[in-house]
Amino acid sequence: MSSLALINEFLGQPPNASEHGYQIDHILEFAHWFMGALFFGWSAFFVFVLIRFRRSRQPKADHAGVRSGISTHLEFSVVLIEAVLLIGFAIPLWAKRVNEFPPTQDAILVHVVGQQFNWTFHMPGPDGQFGRREIDLVTNSNPLGIDPNDPAGKDDIVVLGELHVPVNRPVIIELSSKDVIHNFCLPHMRIAADAIPGSLIPMWFKPIKAGNYEVVCGQLCGLGHYGMKGMVVVDEPAEYQTWLKERAELAGTQNAPSAAPAPGQQPPGGAPKTENPAEQPQNKPAAPPTSPSPGG
Ligand SMILES: [Cu+2]
């Protein structure tokens, strides 16, 4: 890390854990140093002008003003640097982030759904196919409205609050919301995007460091906004496989009609419906201590 990075630490930026994050950091660093230099430059100029053109020294106003071209050149250089930052760095990086997605066959695919006030993660399970989701099928026990008649949905993994992904594999997210506008913000991965009801927003990142990374909601979305947190756990590949297997097994057993819901796992809205086998995924014990509690 260069000494430039100091300013990011000073501003409370958490350490980067994604492959593209250092590019974002460089732009942030440069923009902040540049703005800092401008701030001190203009402040010094302001003080200089106050003293140099004080009334006792200039009793009579000079309407012609500055005659040298220095101020014009300075202004022009500032505009030029800002243009280079924007057109040369920020826009190309943004374009790369939104246009150049990694191939889906190498990536972990996750649907992330925001609602007041938690995040639900939907993974396709061993068959690699997401079950069909239908808003009319949403109940307390089927938070995403997965169609029980769709065979692709039988092995789907639905977890509340905590997502596991393997290190060094791209993760492609399809983001949506069930109620109001939220913002899926992963500060360590240097990504954030609004979750807008009625829209599917693609985003992606590649974690390069194992660890636990907090997800926050970046849009004021209601009274419980402050508590709308989640966790992305970046695992070593073996740990990830173990987690995935556990989740897949749970999805399998809990989709069986005879499976009894685990005590204490029922949503606050009342007893889950049991006539519908695929409405069970939420009953899996998906709440390790790090998961956020819904509501606030
Ligand atoms: Cu929110």
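Student: Why is methionine 228 called buried?

Tutor: In this predicted model, methionine 228 has a relative accessible area of 1%, and since buried means under 20%, methionine 228 counts as buried.

Student: What makes histidine 182 count as buried?

Tutor: The relative accessibility of histidine 182 is 0%, which is again set against the cut-off of under 20%, and therefore histidine 182 counts as buried.

Student: Which atoms coordinate the copper ion?

Tutor: The donors are ND1 of His182, SG of Cys217, SG of Cys221 and SD of Met228, at 2.1 to 2.5 Å from the copper ion, and along the chain they follow the spacing H-x34-C-x3-C-x6-M. Histidine 182 lies in strand E6 (residues 182-186) and methionine 228 in the loop between strand E9 (211-217) and E10, so that this pair, 46 residues apart, links distant parts of the chain.

Student: Why is the site of the copper ion called tetrahedral?

Tutor: Four donors count as tetrahedral if all angles lie between 85 and 135 degrees, and the angles among the 4 donor atoms here are 91 to 125°, so the site is tetrahedral.

Student: What makes E4 and E7 the edges of the sheet?

Tutor: The open sheet of 5 strands has the order E4-E10-E9-E6-E7, with mixed pairing. Strand E4 (162-166) and strand E7 (191-195) each have a single partner strand, so one side of each is left without a neighbour in the sheet.

Student: How do you know that E4 and E10 pair?

Tutor: Two strands pair if there are at least two bridges between them, and E4 and strand E10 (residues 229-235) share 5 bridges in the parallel sense, so they count as paired.

Notes
Residues are numbered from 1 along each chain as its sequence is written. This is a predicted model: local features need pLDDT of at least 70, side-chain atom pairs count only at pLDDT 80 or more; totals for chains, interfaces and linings use all residues. Side-chain values use heavy atoms; hydrogens and water are left out. Helices (H or I, at least four residues) and strands (E, at least two) are DSSP runs, numbered from the N terminus. Donors are N, O and S atoms within 2.8 Å of the metal (3.2 Å for Na, K and Ca); water is not among the atoms, so sites may look incomplete. Four donors count as tetrahedral if all angles lie between 85 and 135 degrees; four count as square planar and six as octahedral if opposite donors are over 155 degrees apart and all others between 65 and 115; anything else is irregular. Buried means under 20% relative accessible area, exposed over 50%, partly exposed in between (1.4 Å probe, protein chains only).
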